[in-house]
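Dear colleague,

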Amino acid sequence: MRINRGVHRVGEYVRRAPGTYVWLTVLFVTTVALHHMSPAFEEQFLRQRSTNIHELSSNPVRVLVASAMWIDSGHWLPYVVLFSVFHAQAERWLGTARWLAVCAAAHVLATLISEGALLWGIRHGMAPESAVNTLDVGVSYALAGVVAVLVYRIPRPWRYVYGFVVLVVYAVPLVTGRTFTDLGHFTSALIGFGCYPLVRVRNPKETAGASAG
């Protein structure tokens, strides 16, 4: 009986965050596919789906979408935890459309800003010319944006503690590492904080669920 209740609760949790778990399923399939590629082919394959300067200048829409469907680390299980803790909570709270809007804003804008900064660095001799073909795929920018927007889900005064921790987590690597991906993650967090207008309208499904409970 307890097992059945546990399975039911997990199923209900997944059902109320369909976008999160569809995305995780896609990432599972693509991760399995990567494990069947040779290292040389995998690098070339991912580079063609990377949001680097070269690909953005020729196929911006394609690579912005494709890059979010692959994990270059090859480790899928950690993302099951991260998606369930952050993405699923945000989708249940905001609804799929607004959650997806936060993800898209963080992924797209942070990519363009970080790659723009990298291009500036190349033109001013601060980065090598080969950096136009750098490998840049993954879901971390969207995740950072969602982690940040959840600050508005937390009641005061803990909201300020959570927001401070998020800033520290993403600011420290930027200060110490100063890579374009560090800039992208920090920018994504700021974009998440800036999505406050999206959270002001309550999700009707959440309201109904709260009333029923």
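**Findings**

Tyrosine 196 counts as partly exposed, because its relative accessible area is 39%. This value, like the others here, comes from a predicted model. Tyrosine 196 belongs to an aromatic pair with tyrosine 152, in which the ring centres are 5.0 Å apart and the planes stand at 55 degrees, so the pair is tilted. The two residues are 44 positions apart and the pair links distant parts of the chain: tyrosine 196 is in helix α11 (residues 196-199), and tyrosine 152 is in the loop between α8 (140-149) and α9. Tyrosine 152 is also partly exposed, at a relative accessible area of 22%.

**The chain as a whole**

The protein chain contains 12 helices and zero strands. Of its 213 residues, 41% count as buried. Among contacts with a separation of 6 or more, 75% are between residues 24 or more positions apart. The chain has an accessible surface of about 11900 Å², and carbon and sulfur atoms account for 68% of that surface.

**Further aromatic residues**

Seven aromatic pairs were found when the whole structure was searched. One of them joins phenylalanine 28 and tryptophan 76 in an edge-to-face arrangement, with 4.9 Å from centre to centre and 65 degrees between the planes. Phenylalanine 28 is in helix α2 (residues 18-35), while tryptophan 76 is in the loop between α5 (60-66) and α6 (77-94), so this pair ties together parts that are 48 residues apart in sequence. Both residues are partly exposed: phenylalanine 28 has a relative accessibility of 41%, and tryptophan 76 has one of 22%.

Trp23, Tyr79, Phe83 and Trp99 make up one aromatic cluster. Elsewhere, a charge meets a ring: the charged end of arginine 49 sits over the ring of phenylalanine 45, at 3.6 Å from the ring centre.

Finally, Trp158, Val161, Phe164, Val165, Val168, Val169 and Val172 form a nonpolar surface patch of about 670 Å². Tryptophan 158 is located in helix α9, which covers residues 158-176.

Methods:
Residues numbered from 1 in each chain as written. Predicted model: local features only at pLDDT ≥ 70, side-chain atom pairs only at ≥ 80, totals over all residues. Heavy atoms only, no water. Patch = residues over 30% accessible without salt bridge, like charges linked within 9 Å, V, L, I, M, F, W, Y side chains within 5 Å. Areas by Shrake-Rupley, 256 points an atom, 1.4 Å probe, with all protein chains shown as cover. Salt bridge = Lys/Arg side-chain N within 4 Å of Asp/Glu carboxyl O. Helix = DSSP H or I, 4+ residues; strand = E, 2+ residues; numbered from the N terminus. Buried < 20%, exposed > 50% of the residue type's maximum accessible area, 1.4 Å probe, protein only. Contact = heavy atoms within 4.5 Å. Phe/Tyr/Trp six-rings, centres within 6.5 Å; stacked < 30°, edge-to-face > 60°. Lys NZ or Arg CZ within 6 Å of the ring centre and 35° of its normal.
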